Amino acid sequence: MKTTRTGSAPAAAPAGTAAGAAAGTEADSGARLLKSMLRVRRLEEKCVELYSAAKIRGFMHVYIGEEAVAAGVLATIGPEDAVVATYREHGHALLTGVPARAILAEMYGFVEGCCRGRGGSMHLFDARHRFFGGNAIVAGGLPLAVGLALADRMAGRDHVTVCFFGEGAVAEGEFHEALNLAALWQLPVLFCCENNLYAMGTALDRSESQTDIALKAAAYEVPAWAVDGMDALAVEEAARRAVDAVRAGGGPHFLELRTYRFRAHSMYDPELYRDKAEVAAWMQHDPIDALRARLTASGTFSDDDWAALQTEVDAEIDDAVAFAEAGTPEPVADLTRFVYSEAPR
């Protein structure tokens with residue numbers, strides 16, 4: 001039987017690693033991760049504002065509070081790798097490389113959007129950046145990720161597929177089928193469970209008899225461990241070890257990223273299922289504030305650095321809003337376009 005790991009991250013690097021190099025790496029990684037998280041936070045704060053002004057319509061689910069997960073994991077892959085996400089995917093799309101302009105234009109419903117305005121908030125998709133959703137069906141992205149990984153394996157490509165999903169997905173058959181096949185065929189998939197404790201409005205311990213999600217993955221002989229999903233540096237370290245192992249032919253790996261969303265499930269959610277004091281307590285562990293404080297304490301990040309970063313990110317988001325505001329609706333004549341495949345010209 002293969003050895004699996006569950007409950008904690010793999011052992012630290014062997015003694016002899018240069019302490020100075022490690023410190024420099026943390027400073028560099030920390031600044032980069034802080035920027036990634038702030039980009040996601042500012043984009044989504046703007047989305048909430050625009051949604052409240054009825055500029056964005058339909059359902060919308062924001063990632064505020066969970067930014068360390070996407071920032072840490074996506075820092076470890078390259079443009080050739082594939083990413084599959086859920087309907088809470090604005091941050092994943094942005095950090096995979098989909099421009100903020102294309103994301104906001106899509107949410108406005110305009111043709112300049114990444115899906116010509118046909119997908120909206122829940123269905124962002126951009127094949128050029130190998131971002132395959134934005135999947136609204138709970139656990140629907142898992143079999144898709146297995147298929148993408150199988151295609152890469154059959155084509156002899158040295159790619160990794162990263163699949164994000166919530167802990168609510170583990171109650172679905174697709175979760176078990178996907179992990180079983182990925183392990184059976186030793187496919188290059190990194191499964192990332194974003195465990196924010198509430199599958200929509202149901203607490204994890206009210207739906208699952210076994211609440212250790214990593215242990216469920218280990219049952220399929222998939223190396224799995226839990227990570228503090230509010231610590232971007234810890235997420236990046238764990239994800240890099242997992243991605244390196246997957247790319248080296250080690251088969252699928254699994255991360256349970258223990259995180260928390262600060263806002264309700266969706267913009268329509270009255271949030272009656274959790275106590276306000278619980279939310280306030282988790283907000284004391286804001287991943288952006290925590291990383292900024294850590295970098296400041298180390299002397300590698302100043303108040304001026306923070307001000308400059310905010311200015312840079314705000315400019316990017318303001319530009320994206322202006323671009324979306326100037327967008328154009330798809331002509332009515334194209335209403336049925338893409339319903340059927342188009343003949344080659």
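In which crossing, left-handed or right-handed, does helix 2 pass helix 8? Helix 2 passes helix 8 in a right-handed crossing, that is, with the near helix turned clockwise from the far one by less than a right angle.

The model is predicted, with local features requiring pLDDT of at least 70 and side-chain atom pairs pLDDT 80 or more, while totals for chains, interfaces and linings use all residues. Residues are numbered from 1 along each chain as its sequence is written, and side-chain values use heavy atoms, without hydrogens and water.

**Helix packing**

Helix 2 (residues 67–74) and helix 8 (residues 232–250) pack at about 40°, their axes 7 Å apart. Helices are DSSP runs (H or I, at least four residues) and strands likewise (E, at least two), numbered from the N terminus; axes are lines fitted to C-alpha atoms, for helices over the stretch in contact, and angles run from 0 to 180 degrees between N-to-C directions. The residues in contact (heavy atoms within 4.5 Å) are tabulated below.

| Helix | Contact residues |
|---|---|
| Helix 2 | Ala68, Val69, Gly72, Val73 |
| Helix 8 | Ala232, Val235, Glu236, Ala239 |

These residues divide into six nonpolar, one polar and one charged. Here Ala, Val, Leu, Ile, Met, Phe, Trp, Tyr, Cys and Pro count as nonpolar, Asp, Glu, Lys and Arg as charged, and the others, Gly among them, as polar.

**Burial**

Helix 2 is mostly covered: eight of its eight residues are buried (under 20% relative accessible area, 1.4 Å probe, protein chains only). Among them are Glu67 and Leu74.

Notes:
Buried < 20%, exposed > 50% of the residue type's maximum accessible area, 1.4 Å probe, protein only.
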